[in-house]
Amino acid sequence: MRELPLSHTSHLSRASDRSSSGLFITGTDTGVGKTRVASAMAAWYRARGVDVGVMKPIATGGIMRGARLVAEDAEALALAAGSDDPPERINPVCYRDPIAPYSAAIRAGRPVDWRGIDRAFEALTRRHPFVIVEGVGGLAVPLARRMTVIDLIRRLRLPVVVVARLRLGTISHTLLTVERACREGLDVLGVILNETEAPVEGAGRLAARSAVDVLTRWLTVPVCGPLRYRSSSATPWASAAWLERGVSPSRLRAWASSRCRKTGIATAAASKEIVRNS
Ligand SMILES: Nc1ncnc2c1ncn2[C@@H]1O[C@H](COP(=O)(O)OP(=O)(O)O)[C@@H](O)[C@H]1O
Ligand SMILES: [Mg+2]
């Protein structure tokens, strides 16, 4: 297996070390920018010579292209990564209804094919030294009876990056997501705040700035961004540059080479600090 041409990444070449062969991009919600961020990451690593694989294991709202049901998220990821993997490997499970995956699975009479996801992921990790996987919705989204996105992440054994929308309300969503992830034993590498809407002046801008400030104080994981609001007509290369303006190259390199570690919500001491500073 080839090694990443990034520093301190030799362990990624160990096929047995599945926990550090990629990133799982989750979010505080749907529509927060997971596809944007995952695509930009794929483009960023690719621009540095990394052979990056991409995956969207489960998608809903698939569209017909000829006789095939395809996920637009998977197509965006593949374009950014320059991937020539078969579409069914990049997106092994796709439902047509644009609704929550568990409901879509029930309506389609087709439960999530976990073995199919395992096989596709194995094939991607055999072919690529680094694989970026986009989740579906947020962490607690049900995928089957008693199975959520958390179980999917455990199954793939990947560290997690949380994408959060930068606007009023994001503090609680982000803290809940990181807290739950940590409680479930997931390895949270960081949070990326993303401006999904054009920034407004006045109170809106203040709310966004204070969200960054509060989350930075409250969380012990890195809080990155904000990624600026920008229309979506970007090439993969432009999106890599967009990502780099919000997440430093050193951070992106570190994420590619991170080992599993336990992280989480800051302790009560930090909570007091935030009260003191407010
Ligand atoms: N920084 C941004 N600037 C402008 N539009 C954005 C930004 N981030 C996301 N969007 C838009 O918001 C929508 C949701 O983003 P997407 O990446 O598809 O979210 P998710 O994958 O979490 O559902 C898309 O139309 C996307 O183009
Ligand atoms: Mg998406």
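Helices (H or I, at least four residues) and strands (E, at least two) are taken as DSSP runs and numbered from the N terminus. The structure is a predicted model, in which local features need pLDDT of at least 70, side-chain atom pairs count only at pLDDT 80 or more, and totals for chains, interfaces and linings use all residues. Residues are numbered from 1 along each chain as its sequence is written, while chains are lettered from A and ligands numbered from 1 in the order in which they are written.

Arginine 157 is found in the loop between α6 (149-156) and β10. This residue has a positive phi of about 55° although it is not a glycine. Arginine 157 is partly exposed, with 17 other C-beta atoms within 10 Å; a residue counts as buried with 20 or more such atoms around its own C-beta, as exposed with 12 or fewer, and as partly exposed in between, C-beta atoms being placed from the backbone. Arginine 146, in the loop between β8 (142-144) and β9 (147-148), also has a positive phi, near 65°. Arginine 146 is exposed, having 7 other C-beta atoms within 10 Å.

An open sheet is formed by six strands in the order β2-β7-β1-β10-β11-β12, with parallel pairing; two strands pair if DSSP finds at least two bridges between them. At the edges stand β2 (52-55) and β12 (223-227), each with a single partner strand, so one side of each is left without a neighbour in the sheet. Within the sheet, β10 (residues 160-165) and β11 (residues 188-194) pair in the parallel sense over six bridges, and valine 161 has glycine 190 in β11 as its bridge partner. Strand β12 contains proline 226, and the peptide bond from glycine 225 to proline 226 is cis, with omega near 5°.
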